[in-house]
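Thanks for coming. I have one structure to go through today, so let me put it on the screen.

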Amino acid sequence: MSLPVGALPLEAAPIPAFVALFAPAVAALVLAAAPALRRRGAPASWVTLTASLLATAAAVTLLVTQLREGGSHVWMASWLQINGAGVGDFGVRLDGVSATMLLVVCVVATCVQVFSLGYMHDEKPPAFGRYFAYHALFLFSMNLLVLAPDLLQLFAGWELVGATSYLLIGFYYQKPSAGQAALKAFWITKLADMGFLMALMVLYKTTGTFRWDAAVTAATATTVSGLLFFAVVGKSAQFPLHIWLPDAMEGPTPVSALLHAATMVAAGVFLIVRANPLFAHAPATRDVMLLVGSGTALFAACLALVQTDIKKVLAYSTCSQLGYMVAALGAGSVFGGFFHLATHAFFKALLFLAAGSVIHAVHSNELADMGGLRRRMPVTATTFIIGAMSLAGIPGLAGFFSKDLVLASVEGRYGWVPFGALMATAFLTAFYMGRVVFLAFFGEARGHAGHAHESGGSLLVPLLVLTVPSVALGWVAAPLAHLSGATYELHLVGVVPILAASLGLGGFALAWVVYGRGTLVVSALAPLERLVATRAVNRVYEVGYRRVLLVVADVLGWIDRYLIDGLMNFLGWSAVAGGRALRRVQTGNAQDYVFAVVLGAIALAAWGLLP
Amino acid sequence: MSRHLLSVLLFLPLLAALVVMFTPRQYLRTLRGFSVGVMLVEFLLSLRLLFDRHVDAVDWSSASYKFVEAHSWVESLGIQYKVGVDGISLWLVLLTTAMTPIALFSSWQSVDTKIKEFAIAFLLLECGMIGAFVSLDLFLFYVFWELMLVPMYLIIGIWGGKDRVYAAVKFFIFTMVGSVLMLVALLYLVSQYQHLSGHYSFDLGELGRVQLPAKAQYFCFAAFALAFAVKVPMFPFHTWLPDAHVQAPTGGSVILAAVLLKMGTYGFLRFAMPLFPVASHFLGPTLAVLAVIGIVYGSYCAWVQKDVKKLVAYSSVAHLGFVMLGLFSLTTQGISGAILQMVSHGVSTGALFLLVGIIYERRHTRELDAFGGLAKVMPFYAVIFIIVTMSSVGLPGTNGFVGEFMILSGAFSSEVLPFARVFTAFAATGVVLAAVYMLHAVLKMFWGPLDKAENRGLPDLTRREVYALAPLVVLIFWIGLYPSMFLSRMEPTVNAFIEGYVQKRNATVDLEEARLGAAPAGAGAEAAQADIRVVAPGGAQ
């Protein structure tokens, strides 16, 4: 998907792209600089929302232009020069990929913000304002990443969304667990970002630029793409760096929908799509991606089976679906990965927001406190079920088409192991989503669920808006593929789509039997529950953190205080002690001095007499 | 005035110190206002270094010294009063003039004893710091180098915390041991110069023309390097720093971190490296190893500190490790990045010390465990603290990112460092570790329930505190978003520095080889004469 680059002169600067970039930036700046406005709450939300709507309108314009004219346009200005040569560029790159991604980000962000108007309504005005200020900052950072003309700007956006994520996960700052989760997310993604940083170094040293489409040797491509993939593993929550994502659910639910499902975590996948020229020359990296992606997909789906917190189910599901995208990219299907990113963004945002609507009504994240909500919250239930069906790959819905592309791309690779894993995941996905649907919306009401009421308009409208692409996006796959320089042919009849569709339906059916009717108990789940309860992967990190890193730090701290500083103090002390000892020689007694002179004379004479 | 601008900058604080000395001590407001006012005037005057249009020499696209002023001082020894700035010292002078009024202004909230003496100490300190940065005569440099030691010693020892005397003496002795050795090496260098040219000189340019044989360079470089390494401070000479910072009053800590530490890195760049390039070439990798150790080691030590001021002090060890790595990478972006990082570190760490001072004044403790949930009672304070933290962690868009990034990419592509990639990879872990220790502190201070009664009534930032912090926050973003303004004015000097350094190193190496090659041929006498010589002007900086 690498397209010819032609830097445009200033006059041709694409105005809508800058609107998409700077409208949220201005909103964030205004809210940062005017605490009085921010602390009043509601006005802050209008500032951010206006900016998001502007950005969305701009994104629509850009996509329409792209559909009509196509091509790739780059506009850059250098902000960091070394010896007169631009090193760091700021600018926008407009092509099918960035235009599509921009629209996805802006639409989801706007929906999430509208949803938040209602969802966060009970927050105190200063907290409400702060929340929307963070959202404006996030949208700017994300658009900076999406429109980046080179890897350095992409990195800047990448780091900024990480920082915003940190602030938003820790939004409820008085909850100790929220602070911990924010810290964990930041540390782990920052660790992975070292890969990005080193990739930039290698790229700069070998090509003198940060362009992903610069000509590189195969060895460099492998190194750079391998390092970049390490960063992706962190950002897109792939095994074994996925552990921060479930904890990140400590943030408000709309935040989970926007950052930790639809957009920010998908930035890793987006990076691979962008830097595809590098990845295309690195078969070794892509093989690793295929294995890590399909492994994560299956692993996370298993974990999702036994979660009791509705948000945790969705979080593991996100890991799993990101695994699909990574596997597709590893198998070489760039559009497959990218298309699944787009559909997933919509239906997963929809699922999270619908879950948020439920949580808002029953005041609990636990599936055990829900049940029978279908009657009390019909709109929420319907939209959630549509989202779940799209995710499960029910034919005709968006998820079906993109999942089909992913599955087709891995066909036959590595003795069908990734294919088998992803097929199994497709079944498990339908099963765990069915489980949530039947536990939350069917059966008897438990806990507060009996008194739940359907949410208000600002919560429902975004759900309805997001339902549209969750259902229909699959039918516009061909023009989208064309935009990103690929071709797409609809093939509904074939082994893969039929198998995937029947696995999806079968998963739902099994979930209905187990959780809807309660006629069957899946005994395999009990040992899995026990296994998950051991939190084995987290344990490894905890041991590494407590037993290794903290101990090293403690030991170094001790060495510094007692050995190194002790040595310095000892040197100082010995100088003082030496002086004190030497002072004794100066007795002030004339006889002693005469005695010393005589001794000295004898010594000299003896030395002179020696042969 | 333009021609004497540097002298004005040097002597204005000195003159003001004299005025303060004759002001009755009960005029508290006058004393406070006057001293800060003079420093603000000083800052505005120093901006003319950037924008002065009356002097032809102010063209920052050339590498030469500007605003040069030279007068003979001690004629028989060739000692001059010679000052000037180039693209390197320019930014450090501006950093000094910007940070000093902020530090003093913020001190007036907490310092309430011996106001008059405090103001005098600060004014003398400013004179000493600027003098050290603008001196082009090594004797003059040495005078200022020692001059600034005294007020800092007094600031820690008189207005410091509980163990202030211990910390002050430690600070003084550490610095003194290094600088005395430097003086010996300096006198040796001057005597060699006199031996060759028949007259004495302490002029930096003149002494730069002396090519010492490699062995002599090692000793001289080691002596200079020790003096500067203590000041930086490099591992393992850093232990005075946490003590000094913890005991120093807030204003003292700010200046210590923001400016005094830069004396060390500046000394390497201005004196140790160009005067003894062969030695610095061979010892550079060793120093780079120490720098990387400092980054990782300092970060780990910072992490386990319970006292937040100590944590910030150890973070300085790590950040200055980056600067040293950049210097010894000997690439344009490495050295420019190092200079930018010196300024950035001054701004960010200065701000951190101000912030720590603010909470200390309210709570009289700096133990991390004593805080928690402060975001609720001090939201504005929390916002500023997190912004500065992000800058310290190197978030793109803030000043910390540009310097660190340039240093790392300079080190990565360095041709003089062996295993440059390994060095860079280890140094890059410092970026992650910075996030570990800084955000750990942020978590402990601001997140969680507000469960300690003492913290419930804490007031948020006062207007005074905002005045002190606001310029620093602006600088954090300014440098982060528009670094070209700084880089374009330092690059010519940096390139000239690298060129001169390499040229002189090669010349000395050629000379050594000629000597070794000539010795067996029986031309011993000639070779001995070739040991040291003054190269043609222009051969060195």
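I will start with the interface of chain A and chain B and then turn to one helix of chain A. Keep in mind that this is a predicted model.

How many residues of chain A are in contact with chain B? The count is 50, and they meet 59 residues of chain B. Between them the two chains bury about 4800 Å², with 72% of that on carbon and sulfur atoms. Three residues, A:Trp79, A:Tyr173 and A:Met201, account for 13% of the area chain A buries against chain B, more than any other three residues.

On the polar side, twelve residue pairs are in polar contact across this interface, both partners at pLDDT 80 or more. There are also two salt bridges between the chains. One of them joins A:Asp565 to B:Lys170, with 2.5 Å between the closest N and O atoms.

Which elements of chain A supply at least two residues each to the side touching chain B? They are β1 (73–82), α6 (151–169), α7 (176–207) and α24 (536–583). Helix α7(A) gives the most, 16 residues. By type, that side of chain A divides into 33 nonpolar, nine polar and eight charged residues.

Now the helix. α17 of chain A covers residues 378–392, 15 residues in total. From first C-alpha to last, α17(A) reaches 21 Å, close to the 21 Å expected at 1.5 Å a residue. Its buried residues include A:Thr380, A:Thr383, A:Phe384, A:Gly387 and A:Leu391. In an α-helix, residues three or four places apart point the same way, because there are 3.6 residues a turn. After α17(A) comes A:Gly393, with a positive phi near 80 degrees.

Terms used
Residues are numbered from 1 along each chain as its sequence is written. Chains are lettered from A and ligands numbered from 1 in the order in which they are written. This is a predicted model: local features need pLDDT of at least 70, side-chain atom pairs count only at pLDDT 80 or more; totals for chains, interfaces and linings use all residues. Side-chain values use heavy atoms; hydrogens and water are left out. Helices (H or I, at least four residues) and strands (E, at least two) are DSSP runs, numbered from the N terminus. The expected span of a helix is 1.5 Å times one less than its number of residues. Buried means under 20% relative accessible area, exposed over 50%, partly exposed in between (1.4 Å probe, protein chains only). Contact means heavy atoms within 4.5 Å. Buried area is the accessible area (1.4 Å probe) that two parts lose on being put together, summed over both. A salt bridge is a side-chain nitrogen of Lys or Arg within 4 Å of a carboxyl oxygen of Asp or Glu. A polar contact is a pair of N or O atoms within 3.5 Å; within protein, one must be able to donate a hydrogen and the other to accept it, and residues adjacent in sequence count only if both atoms are side-chain atoms. Ala, Val, Leu, Ile, Met, Phe, Trp, Tyr, Cys and Pro count as nonpolar, Asp, Glu, Lys and Arg as charged, and the others, Gly among them, as polar.
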